[in-house]
Amino acid sequence: MIDVTFLLLIFFLVTTSFERAEGILAGKMPQESQAPGVPLPLSPIVVRLEQLGVGHDEFVIGLDRFDSVPSGFAELTEAVRQIHQLDGFDRKTPLVIIAEDDVRWDHVVGCWNAALRAGCERVAFGEP
Amino acid sequence: MQRTRSITASGIAGFITRGVKWRFLGKRRVSGPANMTKWYPALFSAILCAAAVASTLQVGEADRTVSAERSTPAEESRLDVKVFREALKARGLTELLELHLKDYPPPGIVAKRLMARDMKLAEYADLSRPLEERMAALAEANAILEELLEEAGDDLRRFEWRFTLAHSILYDQAEPMFTNILYRGGSKADHRELLELTSRAVNVLTRLTEELTAEYARVEGLSVAEFEKLERRKYIEGIDLLGPRANYLLAWARFYDTLPRDHADPTRASNLHRIMRYFAENKALLDTPHRFSRIQVQALVLAGMTKRRLNDHVAARSCFERAVRIADRITDPAQRSNVQWAVTLARIERVRNDRDDGRFDAACDGLADFRWAYVQEHGENLGLRVVAGLLERSVYRAWSDAAHKAGVVEEAERYREKSWKALARTAELEADDRDEVYATLYEAMGPDADPAELDPFEQCALIAGLLFEAGLVHDAQADDTSNRLLDRAVRIGEHFLASATDSEASLVPEVLYNVAVAEYRRGHIVDAVKRFLEVGRGHRDYENALSAATYAVQLAAELYGDPALRGRPEIQRLYLSALRVIVERYLGTESSRYWRFYYAHLLDEMEQYDRAAAEYALVPAGHDHYLESMFMRVRCLALGLHAQADQNPDDLLEIRRRADDLSAVQREFVSRASGELIQLQIGDSARLSMLRTWVARAKVMAAEILVLPQINRPERALEYLAEFETATSAADEAMLAARVWRVRLVAYERLGRLDDAAKAIPAFVAADPAGAGPTLQALFTTLAGRVESLRAAGDQRGARQKANVVLLLAEQIVAWVDRFGSDIAGPDRSTGTVQLAEANLYVGRCQRARELFEPLADQAADAGLLDEPLGRRVLVGYAESLYQLGEWASALPMFNKLATRLQPADPIRWRSLLRDLQCRTALDHQPEDILRVIRQQRFLYPDLGGSVLAGEFEKLERENQRRADTG
């Protein structure tokens, strides 16, 4: 019986395929002290998340000092990519996510993933 | 500021008493019919056959007898001593007479007594003496006569002496009392004193009639020779005349004796019946035509009064009507005059008789007749008007009582109201009338009257009477008595005010006024002011309203002037209310004109400068403080303008309008003051000095307005102050120098006369070392702001020019902080040092700036103060000094910190960002990075911190583009 059980365990281990994690979660936040010399005084791209109501989808995404108002995370990814094309901006331009306290965590994670999908190399959270 | 006032508080007490002062509280006489003694010469001349008075012959004879007995001094042969003495008496030279009598005393005890009595009578006749003294002399004279009667009881002259004594007691001593009682009701004292006197008079006359009866019998028994001897000396004739005279006088004495007695007193009834018996036995007195008897009218009045008191109203009415009718038929003016008192009394008694008989309508008709008659005979006579008022009141009271008894309550109330209003109407005509009426009522009531039993007008009289009496006893020993009376007056007044009905409203202001007076005398000044204010504010038609308002403001001013009370808000409010009442409700009065200045001054003290200035403008030209009020107006306008400029600095229209007003008033003041200064060149040095000070201060105030940014006429301000040092006294110069130098400093700076400004700063600090700090700081802030503005605008040259003055100011501020910083409010050491370092930067002294900034930057970093405004100024200043000195690597992290931490709206952020990139350029950092930052910032913030900085960024961009292109 024990043998059968052990064989079944090996079978499941071999046949089961794990879903790959979405995006890449950075293990460490960017640190100033780690940058060489004095950092450039660039202004970050600021993404703001605001909860409008109690429903799951009742939130809004904003981009400080940019006209576009993405309606979802896919549109956010596209908008950030376009910003990277502007003079003075690129993937190294820091992106700061500022979420209100009542914003759902999965929206914050969605925003993070959208930034990574757009190719942002420096993503951080800011205080609302 | 202490000022003189035209009416002092000490003057108030005396002035106030006028409200309740009476001319004759005590022994008053009714004008017109008062002299009731006029009848008796007529009696002598008519009924009693008008014989010469024997007594004078008897006295003369006695004198002659005595004079023969003594040795006559030599000079007596040339001097008639009797004539000399009579002349001295007639001229009131009693002291000379006394001296004469010491040298030449009359011989014998009788002559001495008679002479002593004459002396006392001369004192009594001397009208220059006080009434009390005269009455005391009269009492002594009568006492001497009584002693003489005891000592010389067998003297033939005793009958005449006794008659004279009784007559004097009745018509000299008792007259004021029975007049009061007969006409006005009289006081308790009147009743008490009259009873004592009339009892004496009745006794004297009774004894006289008894002695005369005995003497008649004795004379009847004399031999013919003895009788003829007496007859030749006219003795028989004398005692024959004296009998009827004594009986007639006794009848009147008995009548007067009934007046103070209670109705239940058996003596009263006995007296009245004896009088009627007398008339029954002497019917001729009532029936003999007046033209023959000369006393018919008087006898009828006496009979009528007696019958009224015996409740025989019909007979009494008949007597009075006959008396009046007979008197009306008298054509001889002298005779008419002789009976006038009796006719007046008959009319009064007729009204009383109808009243007592319940014939109220007839009483009212009689009253009208009385009023008409006395006006015809005496004109508007105050005494008789008061009597008429009292009479009317008594009629309506009786009417009210009758209605009440009949159960007609409403009518009873109506007559009750009419009764007190009758007197109130009498009192309304003039203040003196009211005093007279009050005095009469108060005398009758006494101080202990129960107000619950008094009508409203009597309550007013009681309050006034208590006040008056308190005034009489107001001295150190009698304070308790006085205070008790005043407290009672206040209590009665307060109760009256609390319960006054609409019909009593006309009495309210007077009660308020008298309560205020009582409170004042009691020492309750605040309460007094409040009551006076109520009168002044709410009862302008009341005759003493202006006085009340004036007292209120005087007393309130005294309270406000008391250092112990001055700070209390309620005292200030009280004073303000009092001032407002007098100036607003009594426009055009002298008081209003006088107190206007103080009203303005109080508003000034309360920092209501606009209102104060408006009130100062209304102070009339003749006022003692007119020039001062002009000066104070200038001051208030200036303070108001400064306040306006602080609160609404952008309201240029209003600020300039105010400045124009101020300028006009200031010019007018200086012109007038200068005119007076010329006149005062000789004498009154205090006034001269004060005027000079005002003129100097007014000029400085005007100059200060001219350097306000909104007015900005610095050249005119300098003109105003051009002769300040030469035209101003040393004391004024010391007082005003700091303000003058401040104005000059600002004016020089505005005019770009920076050298003059630089010179002015030390003078300014020297003028006011301790107070200079805040002003220097304010100037520094203004100038440094302008330097920054010039630099921001790219005008480096202009900025550097002003920066020199800024540096000088900064150095003075630091020096001031070193000297006074810990003691006086002003800039602190850190701020001063930062300012000094910044000023060094402005003028390009970067090393000095770095030295000053460095320790501050370390402290700021240690204390984490970089988020504070001063901390940021230190960091940016330090970084700037390093940058200017070429220490870019050291400066870069500081600029970078400021550029990345500060918000884009902060100008320091943009300058720091520029400096950050300039440092990187100087340090040969990657030009692409620098270009990327510039372009990113231009995308995000197209104006790049303003046109000047945007230009700098463009310049930097071109330089780095060139570097990038050349590799």
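Which residues does Ala578(B) touch, not counting residues up to four places away in sequence?

Modeller: This is a predicted model, and what follows should be read as such. Leaving aside residues up to four places away in sequence, Ala578(B) touches Val529(B), Leu533(B), Ala552(B), Val553(B) and Ala556(B).

In soluble globular proteins, nonpolar side chains tend to be buried together.

Among the contacts in chain B that join residues at least 6 apart in sequence, 61% are between residues at least 24 apart.

One helix of chain B can be followed from end to end. Helix α18 covers residues 333-356, and at 1.5 Å a residue its 24 residues should span 34 Å. The C-alpha atoms at its ends are 34 Å apart, which agrees with that expectation. Even so, α18(B) has a kink of about 45°, centred on Val339(B). Of the 24 residues of α18(B), 18 are buried, so this helix is largely enclosed by the rest of the structure. After α18(B) comes Gly358(B), with a positive phi near 80°.

Further along chain B, helix α39 (residues 796-820) contains Val817(B). Val817(B) has 24 other C-beta atoms within 10 Å, and because 20 or more are needed, this residue is buried. Between Val817(B) and Gly832(B) there are 15 residues in sequence, but their C-alpha atoms are 7.3 Å apart in space.

Chain B also meets chain A: 10 residues of chain A are in contact with 15 residues of chain B. On the chain A side, the touching residues are six nonpolar, two polar and two charged.

Chain A calls for some care. Its average pLDDT is 78, and 72% of its residues score at least 70. Over residues 13-35 of chain A, pLDDT stays under 50, and the model has nine contacts beyond four places in sequence for that stretch. Where pLDDT is low, the predicted coordinates should not be read in detail.

Definitions and conventions:
Residues numbered from 1 in each chain as written. Chains lettered and ligands numbered in written order. pLDDT = per-residue confidence, 0-100. Contact = placed C-beta atoms within 7 Å. Nonpolar A, V, L, I, M, F, W, Y, C, P; charged D, E, K, R; others polar. Helix = DSSP H or I, 4+ residues; strand = E, 2+ residues; numbered from the N terminus. Buried ≥ 20, exposed ≤ 12 C-beta atoms within 10 Å, placed from the backbone. Expected span 1.5 Å × (residues − 1). Bend = angle between axes of the 7 residues up to and from the residue.
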